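Let's work through a few exercises on how two chains meet. Have the viewer open and try each task before reading its solution.

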Number of protein chains: 2
Amino acid sequence: MVDILHRVGIKETSPGEVYKALTTIEGLSGWWAENTTGETAVGGVIEFRFVAGGFDMKVIELKPGERVLWEVVDGPAEWIGTLVDWQLKHDGDYTIILFKHEGWKEPIEFMHHCSTKWAVFLMSLKSLVETGKGDPDPRDTKIDNWN
Amino acid sequence: MVDILHRVGIKETSPGEVYKALTTIEGLSGWWAENTTGETAVGGVIEFRFVAGGFDMKVIELKPGERVLWEVVDGPAEWIGTLVDWQLKHDGDYTIILFKHEGWKEPIEFMHHCSTKWAVFLMSLKSLVETGKGDPDPRDTKIDNWN
């Protein structure tokens, strides 16, 4: 088992904005995929649709201001059954996200790609909360020939 | 053992530019740390100095256009003894970098930070080669309260 790990720090202009950006359709479509639909409550499934494909995430846990946990229930074969774990905490002026995409079976080339792409989308989330404007698909930052 | 993995694809304006950006002081100081000195041949040590600290990398292997391998010989305790592995290949118009920073003992919070920060610096390297301008320290993109 190998994991993708990331850490970003975000200055919220009002409390709870990071959590909101992870738990509402409006927030998620502002930094990850503009075409996002579905149910964001625990047990619901959120459908993210990108130019290159899509993911369906089942919401496993929501702890306001502290944690969001998703399980991938549809999407690329390598993603199905993996977990996307968002842990939030405060440090001075910052809301810190400790991000983990865990449960990859092998460190394949696609995992390298997804690791870099998650970082770019986390910077999009940071930008959305700090400036009001993120860079979700289809106007996301391209990192390689796969996207 | 846990690794940081990334993948970027870069369009070179002339062949060999990515390899040059990884193996010359001029290249390295254009995307990672402006304050870079040392010996870039196999067996040499390159000293990268950032606002927040520094790393000394011993050059273990150089395979022109294919691979660059460094061992961290000085820097933060968690980095010492780890390997930074750059594998290059071509795919259509792109030079693909498969990046691995391997040998971390534990998936500590600092590793989460370094994973995201490597992605940002890889995008700086892509920008340097594609546009002539990277974002090395001290004008690097900040990701959190640590840098």
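Contact here means heavy atoms within 4.5 Å. The model is predicted, so local features need pLDDT of at least 70 and side-chain atom pairs count only at pLDDT 80 or more, while totals for chains, interfaces and linings use all residues. Residues are numbered from 1 along each chain as its sequence is written, chains are lettered from A in the order in which they are written, and side-chain values use heavy atoms, with hydrogens and water left out.

**Exercise 1.** At what angle do the axes of α3(A) and α3(B) cross?

*Solution.* Step one: both helices span residues 109-131, and their axes come within 9 Å and cross at roughly 90°. Step two: α3(A) and α3(B) are therefore roughly perpendicular, a label for angles of 65 to 115 degrees. Step three: among the residues that meet are A:S115 and A:M123 in α3(A), with B:S115 and B:M123 in α3(B).

**Exercise 2.** Count the salt bridges across the interface.

*Solution.* Step one: apply the rule, a side-chain nitrogen of Lys or Arg within 4 Å of a carboxyl oxygen of Asp or Glu. Step two: the rule finds six. Step three: inspect B:D144 and A:R7, whose side chains meet in a salt bridge at 2.8 Å, N to O.

Conventions. Axes fitted to C-alpha atoms, helices over the stretch in contact; angles between N-to-C directions. Helix = DSSP H or I, 4+ residues; strand = E, 2+ residues; numbered from the N terminus. Parallel < 35°, antiparallel > 145°, perpendicular 65-115°, else oblique.
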